[in-house]
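The following paragraphs lead the reader through a structure, beginning with a single residue and ending with a whole chain. Please keep the sequence and the model in view while reading.

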Amino acid sequence: MTARARLSPWLLLVLPAVALIGVMYLTPLLRVLWLSVSEPSLGFGNYRLLLTNATIQRVAGTTLWVCALTTILTVGLGYVIAYTMVHAGRVEMRLMLFCILLTFWLSVLVRSFAMLLLLRNDGLVNQLLLASGLVDHPIQFVRNATGVVIGMVHVMIPLAVLPLYAALRGIDPALMRAARGLGCGPLRAFAYVFWPLSRPGLAQACVLVFIFSLGFFVTPAILGGGKVVMMTEYIRLQFEQTLRWGLATMLASSLLLAVLLMLGLASRFLNMRRITGPAA
Amino acid sequence: MIGRTAWPVRALAWGLVGLLVLPFLVIVPISLTDRAYLSLPDHALSLQHYRALFADTRWGEAFLRSLIIALCAAAISVLLGTLCAFGCWRLAPRTAHAVRALVLLPLIVPAIIQALAFYRTWSDLHLINTYTGVILANAILAIPFVFIAVSSALSHLDPRLELAASGLGASLGQTLRWVLIPLVLPGVFSGALFAFVAAFDELIVVLFITTRGMDTLPKMMWISLDYDLTPEVACIAVLIGLLTIALLLAEFVFGADTKRQAGNSPH
């Protein structure tokens, strides 16, 4: 079977893409990994900084809790939207889907910029709050973790809704009808039937959102205003200002390995293929 | 049907969807402000900032540059991504799985790491600050979108069509040209649009592999966010948004309905 597959003309079709990605993408990535153990000297000296350097640990800590908080909020709110979409009529569903896809495809830069205009001290939200007399001074929404989390949740929600919607649609509605028929109230039917069945989908969405949050760059930079330094921003600083390639590539490699490890674990325990593409 | 969602949940969901769209809705009136700084219009709507934007040739050049880059990158990724999706469709599962993992890698690797990797290799190959370099990087990053869209269209295709064609004496090239590609054309179209949008919007990699004189639209916007927040930036944001809406509508009309398919086929 494998011998025949190797000779298959279908293999020729995948060759151009595989060659381009292999030579011009995978090799550069591997060089980054290699630099992390060879610059400035061969060995794991750069990685030792993970254990000893307080700044790096603080940045890693910030990254982890901001991403964790983002993930919880995103998946929680995304669940509400996906749940409503699954139970909505056709028109309502399509309308919601269009709004979600529009936000999904709208440039992250544009969205974060718009968010900044809403949330900054003389932004619209604060103008509304001041005009309504609810507050005396503008509330600081940007240049801190609040702004970063709001912005990241906003960007991430479509990414959570799409897989959640696919997962929740797979739950047989007859099960809920059966539970109701057997005397369950709507809340009990949800808690004992729908919720447990939706947990695998929720776990998938969490992994996906967390992984993508780790790599976020534009939103924290714009809404954090340099005050909330996440790992990606810190790597850029090492690259642009101090030219410490060893340190920058070590942090990049650690981030990459963390992402791949999480994805590997997730695909072991969850059916991730539904997300990475509806493969044949 | 198990009936509608309870109204508080439904209201919350619509509120959230409203919040998702709100920031974009708000920058439209801001871009039409009659004041000299970023704010809602005071007395009347004004097109003055759009006029200033079009008068400034730098923005026009950046738009053209982004357009050329995105079109070329999308063309390359459509060609390679489509062929690759076809190959994976008929390859032995184990090989197909390995190919799929490689081709989808650019979706998963955080952008900052790709940026470092491209920068390092592109400097060695003298591709920094060249069209070739930017187009190549964007094409690689866009391949997964095409691959997913075409694979999804293929997964709804009866594999016996290919057998029938080859049984009737068609070569692989003929089978592709006359049978398979026409059948998945909507998927290819969706993939092309997504690849174009992704390449048009790419920022981080472009920031790393270009210097002066190679400003794309997102890069110009990024730079002006750092230095001077003028209403022209809001105009640019609105125009990028309108372009995205237009492309997405085209996808809804002509493209493969991948969303509904994704919902229907949980394999």
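Leaving aside its neighbours within four places in sequence, with which residues is B:Glu202 in contact? The residues are B:Asn138, B:Leu141 and B:Pro218, where contact means heavy atoms within 4.5 Å. The model is predicted, so that local features need pLDDT of at least 70 and side-chain atom pairs count only at pLDDT 80 or more, while totals for chains, interfaces and linings use all residues. Residues are numbered from 1 along each chain as its sequence is written, chains are lettered from A and ligands numbered from 1 in the order in which they are written, and side-chain values use heavy atoms, with hydrogens and water left out.

B:Glu202 itself is found in the loop between α9 (185-201) and α10 (204-209) of chain B. Helices (H or I, at least four residues) and strands (E, at least two) are DSSP runs, numbered from the N terminus. With a relative accessible area of 17%, B:Glu202 is buried; buried means under 20% relative accessible area, exposed over 50%, and partly exposed in between, with a 1.4 Å probe and protein chains only. The side chain of B:Glu202 reaches the backbone nitrogen of B:Ile204 at 3.3 Å. From B:Glu202 to B:Val233 there are 31 residues in sequence and 17 Å in space, C-alpha to C-alpha.

Another loop of chain B, between α10 and α11 (217-226), holds B:Asp215. Its side chain is joined to that of B:Lys219 by a polar contact of 3.2 Å. A polar contact is a pair of N or O atoms within 3.5 Å; within protein, one must be able to donate a hydrogen and the other to accept it, and residues adjacent in sequence count only if both atoms are side-chain atoms. Not counting residues up to four places away in sequence, B:Asp215 touches B:Ala62, B:Arg65, B:Met220 and B:Ile223.

The loop between α5 (111-124) and α6 (131-154) of chain B contains B:His126, and B:Asn129 lies in the loop between α5 and α6 as well. Phi of B:His126 is near 55°, a positive value in a residue other than glycine. B:Asn129, also not a glycine, has a positive phi of about 65°. B:His126 is exposed, with a relative accessible area of 68%, whereas B:Asn129 is partly exposed at 26%.

Attention now turns to where the chains meet. Two packed helices are described by the angle between their axes and the distance between the axes. Helix α6 (residues 108-119) of chain A packs against helix α1 (residues 7-31) of chain B at an angle of about 70°, with the axes 9 Å apart. That makes α6(A) roughly perpendicular to α1(B), a description used for angles of 65 to 115 degrees. Among the residues that meet are A:Phe113 and A:Leu117 in α6(A), and B:Phe24 and B:Ile27 in α1(B). The residues of this contact divide into twelve nonpolar, no polar and no charged; Ala, Val, Leu, Ile, Met, Phe, Trp, Tyr, Cys and Pro count as nonpolar, Asp, Glu, Lys and Arg as charged, and the others, Gly among them, as polar.

Chain A as a whole has 14 helices and zero strands. Of its 280 residues, 54% count as buried. Its C-alpha atoms fill a box of roughly 75 × 70 × 35 Å, taken along the principal axes. In the loop between α2 (10-38) and α3 (45-52) of chain A lies A:Pro40, which a cis peptide bond joins to A:Glu39, with omega about 0°.

Conventions
Axes fitted to C-alpha atoms, helices over the stretch in contact; angles between N-to-C directions. Parallel < 35°, antiparallel > 145°, perpendicular 65-115°, else oblique.
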